[in-house]
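Below is a short report on one chain.

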Amino acid sequence: MSLRPIYGQKSLLDRLAGALASSRFPQAVLFTGPAGVGKQRLALWVAQGLLCLNGPGAPCGSCSHCRQVLGLGHPDLHWFVPIPRPKAGDPAKQVEEAQELLGEVMAQRRSDPLWGRPEGLSSHALASVRLFHRLAWMTPFSGARKVFILGDAERLIVQEASQEAANALLKVLEEPPADTTIIVTAADPHALLPTVRSRLVAIRIPRLTDDEVRAFLKAEVKTPPKGAALERRILLAEGCIGRALRTEDGSDGPDRAAALLLAAVRERNRSWLPMALAQPPWAARGDFTGMLDALALTLRDEVRREAGGGGQKIEGRLRAIKRVEATREAAQGNANPQLALAVLAADLEALL
Ligand SMILES: [Zn+2]
């Protein structure tokens, strides 16, 4: 299967196409914007535009290079995504392992090009950075250019340690080889090291309209939701297709879990505790963040409904929303969901 088409973003695509056609597209850029808004999909579009045999410019979509990019099989497109930490002890072996792990992810995405969030513990390990550095200095395989996409750059391990990895990465970002374009994506640019961020030209990716999200769900999802379920999904997505896809299985799991938690907190009966502890280990971390999103949305709806009434209730809910958002942020990292949920529930008891 090939990549799904891009919905919306017309004016952004026009601007990008203009920059590509006039060869003014920067060599090292940072796509920022909310999680799930489509930053990596847009980066792939830019890669296609750079590698297109009729380019550079808006990709023609039909030449062999365009088709290779759409099928995630272009040898000069290097897409780095967070992976589990390689297990090998020897650094050279680790690089090989990272390359294999990336290959496995790409194979998955070729068979199902609607990817979700990376697993909670995956990262751009030191081995990935070494691989990136090595590939950047190789000559292009089949075209005039190479394109690197570094998705979810908040997960760069250089954030934590290893001066060597940081230096290797900074060197490439500072002076990319002439035939190389690097597109880094991050929902939170401030989570990147300032030294990394300052070497990138930032481009903000805006949210989609509800109509665009609706059109995507209707056309690209195997069993699209209908009626009220569809509208609820669109509301939860807040202009981000990735968020609309997280509840792709059609279940109302996150909504139900959020309602259960909220009811338990308000009854002060501590029934949230068994829930927090007995949950399946939120193996799909997306379920957990999905539940937090549903919780924040419910609280926001309540605030809207009561606006005008003013008073303590609103104040408490606004603070509760902040707490939920902070928990969500921690959940993106390595926070233990069970523990985070237990702490959150206790805090909400005091606020609601
Ligand atoms: Zn083309």
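The text that follows goes from the whole chain to single residues.

This is a predicted model: local features need pLDDT of at least 70, side-chain atom pairs count only at pLDDT 80 or more, and totals for chains, interfaces and linings use all residues. Numbering starts from 1 along each chain as its sequence is written.

**Overall make-up**

The chain has 15 helices and five strands. Both are DSSP runs numbered from the N terminus: helices are H or I with at least four residues, strands are E with at least two. Of the 352 residues, 41% are buried. A residue is buried if 20 or more other C-beta atoms lie within 10 Å of its own, exposed if 12 or fewer, and partly exposed in between, with C-beta atoms placed from the backbone. Among contacts with a separation of 6 or more, 75% join residues 24 or more positions apart. A contact here has the two C-beta atoms, placed from the backbone, within 7 Å.

**Helix packing**

Two packed helices are described by the angle between their axes and the distance between the axes. Axes are lines fitted to C-alpha atoms, for helices over the stretch in contact, and angles run from 0 to 180 degrees between N-to-C directions. The table gives two pairs.

| Pair | Axes come within | Crossing angle |
|---|---|---|
| α5 (residues 126-136) and α6 (residues 163-174) | 9 Å | roughly 30° |
| α8 (residues 210-220) and α9 (residues 227-237) | 10 Å | roughly 125° |

Helices α5 and α6 are therefore roughly parallel. Angles under 35 degrees count as roughly parallel, over 145 as roughly antiparallel, 65 to 115 as roughly perpendicular and the rest as oblique. The α5 and α6 crossing is left-handed. A left-handed crossing has the near helix turned anticlockwise from the far one by less than a right angle, and a right-handed one has it turned clockwise. On the α5 side, Leu126, Val129, Arg130, Phe132, His133 and Ala136 make the contact; on the α6 side, Ala165, Ala168, Leu169 and Val172 do. By class, that contact holds eight nonpolar residues, one polar and one charged. Ala, Val, Leu, Ile, Met, Phe, Trp, Tyr, Cys and Pro count as nonpolar, Asp, Glu, Lys and Arg as charged, and the others, Gly among them, as polar.

Alanine 165 sits in helix α6. Alanine 165 is buried, with 23 other C-beta atoms within 10 Å. Alanine 165 and alanine 127 are 38 residues apart in sequence, yet 8.6 Å apart in space, C-alpha to C-alpha.

Helices α8 and α9 are therefore oblique to each other. Their crossing is right-handed. Asp210, Val213, Arg214 and Leu217 in α8 meet Leu230, Arg233, Ile234 and Ala237 in α9. This contact has five nonpolar, no polar and three charged residues.

Helix α2 (residues 39-51) has 13 residues. Its first and last C-alpha atoms are 18 Å apart, close to the 18 Å expected at 1.5 Å a residue. The expected span is 1.5 Å times one less than the number of residues. Of the 13 residues of α2, 13 are buried, so α2 is largely enclosed by the rest of the structure.

Proline 56 lies in the loop between α2 and α3 (64-70). The peptide bond from glycine 55 to proline 56 is cis, with omega near 0°.

**Positive phi outside glycine**

Serine 23 is not a glycine, yet has a positive phi of about 55°. It lies in the loop between α1 (10-21) and β1 (28-32). Serine 23 counts as exposed, with 9 C-beta neighbours inside 10 Å.

Leucine 72 also has a positive phi, near 55°. Its loop runs between α3 and β2 (77-80). Leucine 72 is partly exposed, with 19 other C-beta atoms within 10 Å.
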